[in-house]
Amino acid sequence: MSLFRKIHDWLNVRLGVDDLVEKQLTGYLLPANINRWYSLGSVLLFIFTLQVISGVLLLVYYVPDADKAFSSVTAIMNTVPYGWLIRLCHVVGSNMMVLVLILHMLSVLFMGSYKRPRELNWLSGFVILTLVMAISLTGYLLPWSQLSFWATTVATNSAGAIPFVGSYLVEFLRGGTLVGPYTLGRFFALHVAVIPIGIVAMIGLHLFLLERIGVSAPPFGLPDTKNPWKGDRFRHEDHPGGIPFFPNYLLSDLTSVAIYLAFFLLILFFAPNMFLPKDAFIPANPFQTPAHIKPEWYFLPNYQTLKIFPNEFIGLMVQGVGITFLALLPFIDRGREQHPLKRPLFMVCAVGGILLWIGLMIWGHYS
Amino acid sequence: MESSSRRKFLVTCLGAMGVTGLGAVLYPLFRYLSPSKDAEARQKVTFQLSELAEGGAHYFQMDGKAGVLVRPKGGTIAVFSAVCTHLGCIVQWQKAQDQFICPCHGGQFSAQGAVLGGPPPKPLEKLPFVVNGTTITIG
């Protein structure tokens with residue numbers, strides 16, 4: 001008997017490994033008409049893991065002190081062997097994570113997977129999106145460059161438009177009247193500890209819900225489940241006759257990860273400064289605001305919305321209503337139909353919303 | 001048979017690609033985490049002789065190691081590594097006795113670095129230095 005076999009048997013009698021593999025991998029059947037878009041969740045898990053690894057590696061040399069932060073990042077980029085690679089992986093990865101997260105949400109939207117009984121999947125995913133935006137915002141300050149400093153000043157300033165508590169909230173966020181060393185300490189703690197723990201917890205919940213409720217079938221093709229949700233009692237939506245997760249869909253997941261890596265490495269090696277404008281290479285100067293300071297691309301629509309409205313509070317309210325509407329969409333859109341072409345009102349709103357979002361982003365970039 | 005050899009070839013290619021990919025990831029990671037020689041390197045350390053009174057000692061860092069510049073009473077200036085040759089503790093200059101004592105296990109060294117007593121197996125390592133007028137340059 002081989003050593004591998006012995007280890008397997010030892011574990012099997014104690015943990016029921018064969019049963020676990022059968023239940024969670026080879027016998028875990030997915031809809032027969034499942035498509036490539038379903039693998040974006042796995043791609044996101046991969047990106048998040050890469051962000052955690054590169055983030056931990058950056059912590060080896062990064063100094064969270066306003067006097068030393070910029071020089072420590074400069075040393076990582078210029079002195080530490082392959083430091084540039086680790087940092088660029090983190091910078092490019094953070095942007096790609098937001099992009100893939102948005103694509104994942106769009107696929108869920110267009111295939112109607114957010115509909116009941118998966119309201120909680122959607123909500124937990126929405127919370128993950130919010131946390132990813134928050135981790136990006138807090139991470140933006142850490143290099144303590146002109147870009148970091150002033151983008152954070154602008155971002156925290158907008159909270160001041162909230163009536164009554166606005167100015168206190170701004171001060172609370174910054175740890176002082178202005179962005180300074182205390183802001184760096186707060187944002188550092190949020191970026192490396194608080195928000196990552198929140199994201200991991202929400203990913204855990206998201207995956208638990210996915211497993212418990214069952215994978216939704218794409219609306220393209222015949223319904224394959226014999227146990228559809230009817231609202232009377234809990235029913236796990238299984239897919240008899242579907243394709244096994246292992247090895248079939250795992251291979252598809254890995255193919256998607258490989259495609260993602262191709263794009264990721266393309267940016268990393270051929271356009272490394274795509275997400276690092278000129279001001280990212282100048283140390284923070286609290287007495288000199290650079291001209292045309294802009295937030296990251298995914299915050300540009302919010303930035304432009306605030307600029308459109310004459311009153312900042314109205315701008316914030318409009319965004320708040322939009323975000324709340326999107327978060328509560330499964331509770332508003334209660335129709336059973338999932339096929340996008342059979343939901344004309346949804347299609348008009350979704351396509352219009354996406355075009356508006358892209359339009360505001362472009363406008364914000366050139367304004 | 002043909003199918004089996006093709007499979008074997010493909011598995012070998014896949015394995016080689018995997019090993020290459022793993023190497024491409026692990027090598028930068030190893031280099032990134034390896035201690036940097038440049039970061040600790042201090043090319044030379046310079047002092048003014050006036051900073052050091054007779055019978056006194058001055059501690060400094062060079063190449064990531066502790067060193068000591070000593071000016072014994074009536075003696076000539078000497079520069080040593082301050083690391084005890086026994087177990088690596090930092091030797092302390094005793095002005096009154098004109099000698100070094102290691103606080104860890106009581107090793108004793110003369111102002112010239114020679115072992116006077118205790119467990120140290122060899123003398124303190126001498127560091128090269130140049131005196132130029134009122135300036136001393138170590139390294």
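Let's start inside chain A, where A:Leu88, A:Cys89, A:Val92, A:Met96 and A:Val100 of H5(A) meet A:Tyr260, A:Phe264, A:Ile267 and A:Leu268 of H10(A). Contact here is a matter of C-beta atoms, placed from the backbone, lying within 7 Å. By class, this contact has nine nonpolar, no polar and no charged residues; Ala, Val, Leu, Ile, Met, Phe, Trp, Tyr, Cys and Pro count as nonpolar, Asp, Glu, Lys and Arg as charged, and the others, Gly among them, as polar.

Before going on, keep in mind that this is a predicted model, in which local features need pLDDT of at least 70 and side-chain atom pairs count only at pLDDT 80 or more, while totals for chains, interfaces and linings use all residues. Residues are numbered from 1 along each chain as its sequence is written, with chains lettered from A and ligands numbered from 1 in the order in which they are written.

Back to that helix pair. Helix H5 (residues 83-110) and helix H10 (residues 245-270) of chain A pack at an angle of about 135 degrees, and their axes are 10 Å apart. That makes H5(A) oblique to H10(A), given that under 35 degrees is roughly parallel, over 145 roughly antiparallel, 65 to 115 roughly perpendicular and the rest oblique. Axes are lines fitted to C-alpha atoms, for helices over the stretch in contact, and angles run from 0 to 180 degrees between N-to-C directions. Helices (H or I, at least four residues) and strands (E, at least two) are DSSP runs, numbered from the N terminus.

Now over to chain B. Six residues of chain B are in contact with nine residues of chain A. Helix H1 (residues 2-33) of chain B gives the most to that side of chain B, with four residues. The chain B side divides into three nonpolar, one polar and two charged residues.

Chain B also has an open sheet of three strands in the order E1-E10-E9, with antiparallel pairing; strands pair if DSSP finds at least two bridges between them. Strand E1 (45-48) and strand E9 (129-132) are the edges, each pairing on one side only. Four bridges join E9(B) to strand E10 (residues 135-138), and B:Val130 stands opposite B:Thr137. E9(B) and E10(B) form a hairpin with two residues between them, and B:Gly133 in the turn has a positive phi of about 65 degrees.

Definitions and conventions. Two residues are in contact if their C-beta atoms, placed from the backbone, lie within 7 Å.
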